[in-house]
Amino acid sequence: MTRPAVDDANASSGSTGGPILEVTNLQKYFPIKSSGVFRRSIGAVQAVDGVSFQVERGSALGLVGESGCGKSTTGRLITRLYDPTGGSMKFEGREIGNLSNRQMLPLRSEIQMIFQDPYSSLNPRHTVGTIVGTPLRVHKMVPENKVLDRVRELLEVVGLNPEHYNRYPNEFSGGQRQRIGIARALALQPKLLVADEPVSALDVSIQAQVVNLLQDVQKQFDIAFLFIAHDLAVVRHFCPEIAVMYLGKIVEIADRETLYNTPHHPYTQALLSAVPDVKQAAVGGRRERIRLAGDVPSPINPPSGCRFRTRCWMAQDICSKVEPPLLQIGKNHKVACHFAGEFGAMPTSPITLSALGVDGQGNKIAGADASVEDFTRAGYADTWTDVATHQERSNALVGTGGLGTGMSDEQRGEGGTRR
Ligand SMILES: Nc1ncnc2c1ncn2[C@@H]1O[C@H](COP(=O)(O)OP(=O)(O)OP(=O)(O)O)[C@@H](O)[C@H]1O
């Protein structure tokens, strides 16, 4: 199976490079209707509420968070199984959020999805040959007399016996069924694959095999991935960048090394504390386990200010009054927390004040300008504020030991960051 070279693909879609997917301030509110004849809207489930990220061509972004935080909804928006309530989704530079089903049709082959449950996502009445061959026929990928050859080829790519095309899904194990789902997704030679918890329904012993297969096909066909998972261990080896979601929002996003080594959001720290650390175990150490109290609150009526505050051990008054913006605090690191910092060394006063133009109680400071920075933009800026030193830093100076504008202690005020 071959994929067009990246440059050819760009040329055909009119793309000029840049990320394959750019999502900005994406929202999905599911309306709640009253019962009765006149089904009025009486509220909304704020499943995804202002999410921004980008996925580079051939790369992988991990989207992680507890059940109900909006990961699957985000994946379904990108594949346009759902219509967004607001925001923008650009695929190869082209807005796809407002495309009709018809306009979307040619793009469907380029953005494919792998589902969590390999049992319910395959039609039990169809043979594997039909399941994998149908997209080939619908999108006229190959002439009719070549469909079976291509199906066999795809089965081989995903490590299944090509001669098993005549079998039914119930004749395969869970891991093998997920391989069939992967073969079906690969049939259309996608450029972006949304993998929604592709291994969580599988036996632990099989999970690594399927992740390895996904990694192989990613390299072989230069496919970009949005890899959705509820735990940080699964995405660790797959995704060079990871976004952590909580109740419809991204609370922290960073490159893998930064996120695993120096998480700055209490929620990320809690999630990471549940991940076994082989290196630490080898030297006889144990990472302190942080147990979060209670469940994720309802997205129908989320907590005011910071949505995580009801479960956060760092929460203070400001957290209920003001929503923390997703501040860039490192070269490839953004975090949405008034008290963002390394575990055990988090600041005692909010770091977000000057960006927001508010005082420590969350009240607007008369005459103070909030930052002009757009906190909803996807990707990273070239300059940011270092929360430890309160100094401006820029890509050009990182690594040279050089720092930007030094700030006096006075300027730092109540731990305020200058932007
Ligand atoms: N079609 C829908 N109608 C109404 N509410 C929905 C719908 N789909 C999802 N939701 C709600 O939106 C919120 C986010 O759900 P979503 O499935 O995206 O979360 P998730 O992080 O993927 O969780 P899980 O891992 O359990 O799938 C949940 O509260 C869910 O109940």
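Tutor: Let us begin with a definition: a residue counts as near a molecule if its C-beta atom, placed from the backbone, lies within 6 Å of it. Please keep in mind throughout that this is a predicted model.

Student: Which residues come nearest to the ligand?

Tutor: The shell around the ligand holds 13 residues. By class, that shell divides into five nonpolar, seven polar and one charged. Of the 13 residues, those that come nearest are Phe30, Ala47, Ser67, Ser72 and Thr73.

Student: Which element gives the most residues to the shell around the ligand?

Tutor: Two elements give two or more residues to this shell, namely strand S2, which covers 41-55, and helix H2, which covers 71-78. The one that gives the most contributes three residues, and that element is H2.

Student: In S2, what is the bridge partner of phenylalanine 30?

Tutor: S1 and S2 pair in the antiparallel sense, and eleven bridges hold the pairing. Phenylalanine 30, which is also one of the residues that come nearest to the ligand, has as its bridge partner in S2 the residue valine 45.

Student: Which strands stand at the edges of the four-stranded sheet?

Tutor: This open sheet runs in the order S2-S1-S4-S5, with antiparallel pairing. An edge strand has a single partner strand, so one side of it is left without a neighbour in the sheet. The strands placed in that way are S2 and S5 (94-95).

Student: Over how many bridges do S1 and S4 pair?

Tutor: Strand S1 takes in residues 21-33 and strand S4 residues 86-91, and the two pair in the antiparallel sense. Within this pairing, leucine 21 stands opposite phenylalanine 91 in S4. The number of bridges between S1 and S4 is five.

Student: Which strands stand at the edges of the eight-stranded sheet, and what is its average twist from one strand to the next?

Tutor: The order in this open sheet is S6-S7-S8-S3-S9-S10-S12-S11, and the pairing is mixed. A single partner strand is found for each of S6 (111-114) and S11 (327-330), so these two are the edge strands. From one strand to the next, the twist averages 20°.

Student: What angle does the direction of helix H10 make with that of S9?

Tutor: Strand S3 (residues 60-64) and strand S9 (residues 241-246) run parallel and are joined by four bridges, with valine 64 having valine 244 as its bridge partner in S9. Helix H10, residues 266-273, packs on the sheet and touches S3, S9 and strand S10 (249-255). Its direction makes with that of S9 an angle of about 105°.

Student: Is helix H6 roughly parallel or roughly antiparallel to helix H7?

Tutor: Helix H6 (residues 174-186) packs against helix H7 (residues 204-221) with the axes 10 Å apart and an angle of about 15°. Since angles under 35 degrees count as roughly parallel, the relation of H6 to H7 is roughly parallel.

Student: How many nonpolar residues are there in the contact of H6 with H7?

Tutor: From H6 come Gly174, Gly175, Gln178, Arg179, Ile182 and Leu186, and these meet residues of H7 including Ile206, Leu213 and Val217. The contact has four polar residues and one charged residue, and the number of nonpolar residues is seven.

Student: What is the handedness of the crossing of H4 and H5?

Tutor: Helix H4 (residues 128-138) and helix H5 (residues 147-157) have axes that come within 9 Å and cross at roughly 120°, which makes H4 oblique to H5. Among the residues that meet are Val132 and Leu136 in H4, and Val151 and Leu154 in H5. The crossing in which H4 passes H5 is right-handed.

Conventions. Residues are numbered from 1 along each chain as its sequence is written. This is a predicted model: local features need pLDDT of at least 70, side-chain atom pairs count only at pLDDT 80 or more; totals for chains, interfaces and linings use all residues. Axes are lines fitted to C-alpha atoms, for helices over the stretch in contact, and angles run from 0 to 180 degrees between N-to-C directions. Angles under 35 degrees count as roughly parallel, over 145 as roughly antiparallel, 65 to 115 as roughly perpendicular and the rest as oblique. Two residues are in contact if their C-beta atoms, placed from the backbone, lie within 7 Å. Ala, Val, Leu, Ile, Met, Phe, Trp, Tyr, Cys and Pro count as nonpolar, Asp, Glu, Lys and Arg as charged, and the others, Gly among them, as polar. Two strands pair if DSSP finds at least two bridges between them. A crossing is left-handed if the near helix is turned anticlockwise from the far one by less than a right angle, and right-handed if clockwise.
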